[in-house]
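Please find below some notes for a colleague who is new to this structure.

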Amino acid sequence: MRATSSPVKLVSGAIRAPGDKSCSHRALMMAAVAEGSTTVSGLLEGEDVINTARAVAALGAGVERLGAGVWRIEGVGRRGLTSPTMDIDFGNSGTGARLMMGLAAGHDLTARFVGDESLSSRPMDRVLRPLREMGLVAETAPGGRLPVRLTGGRLKAVRYAPPEASAQVKSAILLAGLRATGLTVVEEKEATRDHTERMLRAFGVEVGVELRDGAGPVVSIRGGQDLRAGEASVAGDPSSSAFALAAGLIAGGEAAVSGMLDNVTRTGFMTAAREMGADVTILPDGLATGEATVRAIARGSALRGVRLDPALVPSMIDELPIFSVLAAFAEGETLVTGAAELRVKESDRIRAICAMLSANGVEVEELADGFRIQGCGSRGVPGGGLVEARHDHRIAMSALVMGAASQASVSVDDVDMIATSYPEFFEHMAFLGADLTRADR
Ligand code: S3P
């Protein structure tokens, strides 16, 4: 389906953040290997997470949906995960596929992982390299891509320093480390989201974290620890919330999001927006498993271009598409560097961001590891373009938010994949006053 977002006078209102995608995957995976039954609440019911629920079921866990966002998982405990009877399809989800490789690696099973066109073009070697060192047997399609056939079994602990700042790589190694002999250690280049560490602790697992100056933390886990089943609640997703908050900032009015995860490894977007002059208020509003939550309120603001501190990039890696939209509306130039990881997301996001903005009359320059944007400021963003989503939910949502405050409507060629991470996006945006229409292509 294609969609068009037409300019509106005001975006205003309050919504509840949808469940965090990262925490939802992790809650399902940990519950699946815990001893006993876990009830997960606040689960994001997007396609990516549903694929993870199907995957853990295919590997032997009991999975039952009790109500909206509430799922009961019967963990396999010491019996371990078992071989599925069919291929496991992770759809569009890099997190699902990569973390599951780590989780499955220490179990006595053989499985074949597949994904959609976008996921099948993304690198899996970054997780398979350390997992093979631990003992996983994996055959990939050329270039280290999906489909991947893996055979798990006995693992030995490793000490590994991933060359990329990636929470997925760190998490895959830690999840494999649960069943490895010895102490598994990950030396992070830069700090990345730490939801795996926090949720493992909530499931009763000891995780060591040693902070370092000038580099990311050293995270360690001793193999052979059992996970304790129980209750797990998922905080709201700051990456999805960023769309409503950005709409409030550029379209005027006051957009509020409650229940949003507040974790320093995820707050880069808020920090960067404030640096641009965004009027944002953050108030504590609750707790979820391993995480605190806040209510964020964003009001229409005159934004200024910034040189983004590259150190902020890991904590806003998924928000860079919507951040580029803020930069398009800001007065002056915005420079983003140190973001080469964007090239291997659901699309080549550097290329996709540049194409999205230039199709809508914004001057932008593509860099190897980022982009430079000439903000339109008081002249306004022309809009009027058709954006190619490139199988990328965050590009599609960013373009639609841009349309709400541009001079002319912005269209997106395909919006179906928005359901991978934010099924209520259209409902929420309409509630806030955006003018979105959808039509068959
Ligand atoms: C995620 C980590 C990030 C992020 C992705 C979710 C996670 O990927 O972009 O959307 O849940 O661990 P990388 O680890 O590849 O940076």
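1. Is Arg 372 buried or partly exposed? In this predicted model, Arg 372 has a relative accessibility of 24%, so Arg 372 counts as partly exposed; the cut-off for buried is under 20%. Its salt-bridge partner is Glu 365, with 3.0 Å between the closest N and O atoms. Glu 365 is partly exposed as well, at a relative accessible area of 40%.

2. Salt bridges in general come next. Side chains of opposite charge can pair when their charged atoms come close. The structure has 27 salt bridges. One of them joins the side chains of Asp 125 and Arg 132, at 3.9 Å from N to O. Both ends are partly exposed: Asp 125 has a relative accessible area of 27%, and Arg 132 has 35%.

3. A further salt bridge links Glu 291 and Arg 198, whose closest N and O atoms lie 3.8 Å apart. Glu 291 belongs to strand E19 (residues 291-299) and Arg 198 to helix H6 (residues 195-202), so this pair ties together parts that are 93 residues apart in sequence. Glu 291 is buried, with a relative accessible area of 4%, whereas Arg 198 is partly exposed at 26%.

4. Some charged residues are linked in a network of salt bridges: Arg 122, Arg 193, Asp 318, Glu 346, Arg 349, Asp 392 and Arg 394. Asp 392 of this network is also among the residues touched by Ser 347.

5. Where does Ser 347 lie? Ser 347 is found in the loop between strand E20 (331-336) and helix H10 (349-358). Ser 347 is buried, with a relative accessible area of 7%. Leaving aside residues up to four places away in sequence, Ser 347 touches Leu 342, Ala 352, Arg 390, Asp 392 and Ile 395.

6. The largest pocket has a volume of about 510 Å³. Its lining is made up of 34 residues, and those nearest the pocket centre are Ala 165, Ser 166, Ile 317, Asp 318 and Lys 345. Asp 318 also belongs to the salt-bridge network.

7. Which parts of the chain supply the lining of the largest pocket? Helix H1 (21-33), helix H3 (94-105) and helix H5 (167-177) each give at least two residues to that lining. At the level of domains, domain 1 (2-19 + 235-439) and domain 2 (21-233) each contribute at least three residues to the lining of the largest pocket.

Methods. Residues are numbered from 1 along each chain as its sequence is written. This is a predicted model: local features need pLDDT of at least 70, side-chain atom pairs count only at pLDDT 80 or more; totals for chains, interfaces and linings use all residues. Side-chain values use heavy atoms; hydrogens and water are left out. A salt bridge is a side-chain nitrogen of Lys or Arg within 4 Å of a carboxyl oxygen of Asp or Glu. Buried means under 20% relative accessible area, exposed over 50%, partly exposed in between (1.4 Å probe, protein chains only). Helices (H or I, at least four residues) and strands (E, at least two) are DSSP runs, numbered from the N terminus. Contact means heavy atoms within 4.5 Å. On a 1 Å grid over the protein atoms alone, a cavity is a set of points where a 1.4 Å probe fits but cannot get out, and a pocket is an open set with protein on both sides within 12 Å along at least five of seven lines; lining residues have an atom within 4 Å of a point. Grid points are joined across faces, edges and corners, and a volume is the space filled by probe spheres set on the points. Domain bounds come from an automatic or database domain assignment.
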